[in-house]
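Me: I have a sequence and a model open side by side, and I would like to learn how to read them. Could you take me through it?

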Amino acid sequence: MIATDFWDAVGNTPLIRLRRASEETGCEILGKAEFMNPGGSVKDRAAIGILGEAVKRGLLTPFQPGTVVEGTAGNTGIGLALAANARGWKSVIVVPRTQSQEKLDFLRMIGADLRLVDPKPLADPNHYVNYSRRLAEEMGAVWANQFGNSANATAHEMTTGVEIWEQTGGKIDAFTCSCGTGGTLHGTARALKAKKPGVKIVLADPHGSGLYSWVKNGTVSAEGNSITEGIGQASKVPGVLEGAPIDDAVRISDAEALEQCFSLLKEEGLSVGGSAGLNVAAAIRVARDLGPGHRVVTVLCDGGARYQSKLFNPDFLRERNLPVPSWLA
Ligand code: PMP
């Protein structure tokens with residue numbers, strides 16, 4: 001198959017059988033290899049979904065001057081900037097300076113107009129999301145608004161969810177996934193539930209996020225923190241996540257997530273980031289709950305190289321009392 005361009009090369013990622021997780025649980029645990037998207041993450045799907053919708057609405061025209069602005073933990077910005085490059089548009093990407101150096105460097109490398117901001121609570125006017133909305137207004141540019149734009153979840157409903165359904169031939173008992181905007185979880189869940197209402201949808205949440213308690217008892221309440229990037233919401237349920245058909249939630253520690261990152265890398269040759277490790281740890285938890293013989297699908301959101309300086313840096317890990325991969329110690 002020949003893809004016509006970046007946009008056309010997004011999606012249709014393999015579903016990979018995760019050997020250790022499957023053996024440990026007696027279930028089949030499958031990871032959707034989103035790190036294989038051309039921009040390196042699951043967020044390429046949201047990026048082209050959002051930009052495609054902006055084209056439909058006449059806000060952007062291919063190869064005519066145009067600018068997209070977004071606040072992001074990095075991956076959405078990477079997807080948007082590359083998709084914009086492929087259509088002749090500019091991108092202005094607002095990122096908290098706490099995100100991994102690799103993501104920031106990559107955004108600069110691909111020509112995004114990068115604006116680094118200090119981390120702030122969501123209610124602060126200079127929180128990266130609020131900052132990006134203001135900037136888009138001032139510039140008269142398109143604001144991608146991944147947290148509130150329904151095109152984000154729709155992209156996953158039309159692609160991620162449909163692909164998983166087809167790749168599993170409908171043999172799927174549960175889907176588990178963490179949530180940044182909730183686009184992946186909500187869209188995929190909607191597509192799977194439409195085909196098979198009994199599929200169990202489980203939110204995977206890091207410490208420091210209030211979404212676990214929101215699913216469990218309806219209140220958003222957070223404690224602790226996490227080194228994972230791009231997932232968890234401390235104080236508010238993103239608009240895109242609202243109404244998602246979620247059956248249950250599990251909370252996963254950084255140590256558990258890292259254990260999966262390290263084992264996937266060294267034992268299975270799969271280099272993934274922290275949210276993917278957390279998702280796999282959650283899939284193991286869900287599989288144990290269901291018992292042997294079931295099939296659980298999760299998402300390998302992005303690749304480990306994006307976090308070399310953090311998750312795979314012994315000094316960074318030791319400072320935080322986190323496990324260090326034996327081959328790097
Ligand atoms: N993992 C990573 C590494 C991400 O960057 C993101 C998006 N911020 C997610 C997971 C969550 O995806 P979504 O926004 O669709 O919930």
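Predicted model: local features only at pLDDT ≥ 70, side-chain atom pairs only at ≥ 80, totals over all residues.

Me: Which strands form the six-stranded open sheet, and in what order?

Reply: The general idea is that strands of a sheet pair through backbone hydrogen bonds, either parallel or antiparallel. Helices (H or I, at least four residues) and strands (E, at least two) are DSSP runs, numbered from the N terminus, and two strands pair if DSSP finds at least two bridges between them. Here the order is β1-β2-β10-β7-β8-β9, in an open sheet with mixed pairing. β1 (15–17) and β9 (248–252) are at the edges with a single partner strand each, so one side of each has no neighbour in the sheet. Ignoring direction, neighbouring strands of this sheet are turned by 30° against each other on average.

Me: How many bridges join β7 and β10?

Reply: Two bridges join strand β7 (residues 174–178) to strand β10 (residues 295–300), in the parallel sense. To see one on screen, take phenylalanine 175, whose bridge partner in β10 is valine 297. Helix α9 packs on this sheet and touches β7, β8 (200–206) and β10. The direction of α9 makes about 170° with that of β7. Such angles run from 0 to 180 degrees between N-to-C directions, with axes as lines fitted to C-alpha atoms, for helices over the stretch in contact. Contact between two residues needs their C-beta atoms, placed from the backbone, to lie within 7 Å.

Me: What is the strand order in the four-stranded open sheet?

Reply: That order is β5-β4-β3-β6, with parallel pairing. β5 (113–117) and β6 (142–143) are the edge strands, each pairing on one side only. Strand β4 (residues 90–96) runs parallel to β5, with five bridges between them; valine 95 has leucine 116 in β5 as its bridge partner. Helix α4 (residues 75–85) packs on this sheet, touching β3 (67–71) and β4, and its direction makes about 170° with that of β4. β3 and β4 also pair in the parallel sense over five bridges, and threonine 67 stands opposite lysine 90 in β4.

Me: Why is α4 described as largely enclosed?

Reply: A residue is buried if 20 or more other C-beta atoms lie within 10 Å of its own, exposed if 12 or fewer, and partly exposed in between, with C-beta atoms placed from the backbone. Ten of the eleven residues of α4 are buried, so the rest of the structure largely encloses the helix. The cover over those buried residues includes α1 (6–9), α3 (43–56), β3, β4 and α5 (101–109). In β3, four of the five residues are buried, so this strand is largely enclosed too.

Me: How can I check the span of a helix, say α12?

Reply: The expected span is 1.5 Å times one less than the number of residues. For α12 (274–290), the 17 residues should span 24 Å, and the end C-alpha atoms are 24 Å apart, which agrees. In α12, 14 of the 17 residues are buried, so it is largely enclosed by the rest of the structure. Helix α11 (residues 254–268) has 15 residues and reaches 20 Å from its first C-alpha to its last, close to the 21 Å expected. Its buried residues include Leu258 and Phe262, and their cover includes β9 and α12.

Me: Where is phenylalanine 63, and is it buried or exposed?

Reply: In general, most residues other than glycine have a negative phi. Phenylalanine 63 has a positive phi of about 65° and is in the loop between α3 and β3. With 9 C-beta neighbours inside 10 Å, phenylalanine 63 counts as exposed. Asparagine 145 also has a positive phi, near 55°, in the loop between β6 and α7 (150–158), but asparagine 145 is buried, with 21 other C-beta atoms within 10 Å.

Me: Which residues come nearest to the ligand?

Reply: A residue is near a molecule if its C-beta atom, placed from the backbone, lies within 6 Å of it. Of the 20 residues around the ligand, the nearest are Gly180, Thr184, Gly230, Ser275 and Cys301. Helix α9 (residues 183–195) gives the most to this shell, with three residues.

Definitions and conventions. Residues numbered from 1 in each chain as written.
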